[in-house]
Amino acid sequence: MCPQPILYFDHSATSWPKPPGVAEAMQEALLEAGGNPGRGAHSLALAAEHTVTRARGDVARLLGVPDARDLVFTPGCTFALNLVLKGTLRRGDRVVVSALEHNAVVRPLHVLAARGVKVARVQADSEGHIDADAVERSVAASATRMVICQHASNVTGAIQPVADLADIAHEHGAVMVVDGAQAAGHLPLDLATLGVDAYACSGHKGLLGPQGVGVLYLAPGLSPVELVQGGGGGPSEEPAQPDIRPDRYEAGTGNTPGAAGLGAAARYLLEHGAEIERRERSLTRRLHEGLLGIPGVKVLGPAIDVPRAPVVSMTHDRIPPDEIAFSLDRRYGIAVRAGLHCSPWTHSMTGTLETGAVRFGLGWNLTEDDVDRALEAVREVCAGS
Ligand code: PLP
């Protein structure tokens, strides 16, 4: 139970609350469609199969994926990234990666580097943007199998030119993999035209679904060969994992209630997503502008007029981030996150590796009044009152 009325600004970690329909769809999956999808032909198994198929179709519509079979349900964005990186990269392959990535990319690459994958990092500018020309120079310098970049930063909100990077990757015979954890549900997205080969999403952040479910878009031309896991599912009982989508990548019984919740969230976003994006953009600017007006506060990342995802991180010249976050929580009931946000590479770039930052993650349910209350609280905390 929620201990006190909370003003929730931690949507970048996980969205809360969830929109109407999500909890109900999960409950319905448990109560009325509780069979095992794809295992058996009795009515509850068929109802579960229908639940998963419907959810996949709705998420595909939301993300602009023409064939829903190219969307793999995973336990989250981390799993999705592991699936595509470890499934595709082999000893001797070279990968070009932005120097801003989350540990969900950094750590699998660390494992792969120990297996003989060569990793080349491309630095960002002072606002946290990756320069497409710098990526092109790196890709052109040596044969490259893969380019990896996040779509939006979980620390600075900076949006990266992933469509341009995909063009560059393809011109040089590489595939383009995008970490969309902080973009999906917050930025307009049409994967059919974005041109990337793989796009990984958390279900529980901007997509407004429950925790424990994510999606990986795999363009028809990219089929990771090495499987993170093999097991039951698909039409045959041969020992080799069936070579059909999405079954090949969804061995074992999946998270049916999670898929149901994510499907309901996708339907909500299909109806309200454009309005939510507009509101999040305007609230993000309002918060950014307000923070800049507080003495001693520095906002990380892009300048005020540059579009960003709804993430605003700040530091103060005197008060450490964890103290600010603690005061906001205990004195005002405002939930933010302080620390390194699983992104030490980005904190190195912003010069905050020692201290971390206070992060405000905005989301679908917040209002101007909420932002103004948060700003007033930060003002008071930073004034030491
Ligand atoms: N990538 C980025 C940029 C993130 O912000 C996160 C989560 O915070 C992830 C990947 C991992 O997402 P998940 O924890 O849902 O697997």
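## Largest pocket

Lining the largest pocket are 32 residues, of which Val52, Arg56, Glu250, Gly252 and Gly254 lie nearest its centre; a pocket here is an open set of points on a 1 Å grid over the protein atoms alone, where a 1.4 Å probe fits, with protein on both sides within 12 Å along at least five of seven lines, and lining residues have an atom within 4 Å of a point. Two or more lining residues come from each of α2 (43–63), β2 (71–74) and α8 (256–292), and α2 gives the most, with five. Helices (H or I, at least four residues) and strands (E, at least two) are DSSP runs, numbered from the N terminus.

## Basis of the model

The model is predicted, and local features need pLDDT of at least 70, side-chain atom pairs count only at pLDDT 80 or more, while totals for chains, interfaces and linings use all residues. Residues are numbered from 1 along each chain as its sequence is written, and side-chain values use heavy atoms, with hydrogens and water left out.

## Cysteine 201

Cysteine 201 is part of strand β7 (residues 198–202), and it counts as buried because its relative accessibility is 1%, the limit for buried being under 20% relative accessible area (1.4 Å probe, protein chains only). Setting aside residues up to four places away in sequence, cysteine 201 touches Leu63, Gly76, Cys77, Ala184, Leu207, Gly214 and Val215, where contact means heavy atoms within 4.5 Å. From cysteine 201 to alanine 374 the C-alpha to C-alpha distance is 28 Å, and the two are 173 residues apart in sequence.

Methods. Buried < 20%, exposed > 50% of the residue type's maximum accessible area, 1.4 Å probe, protein only.
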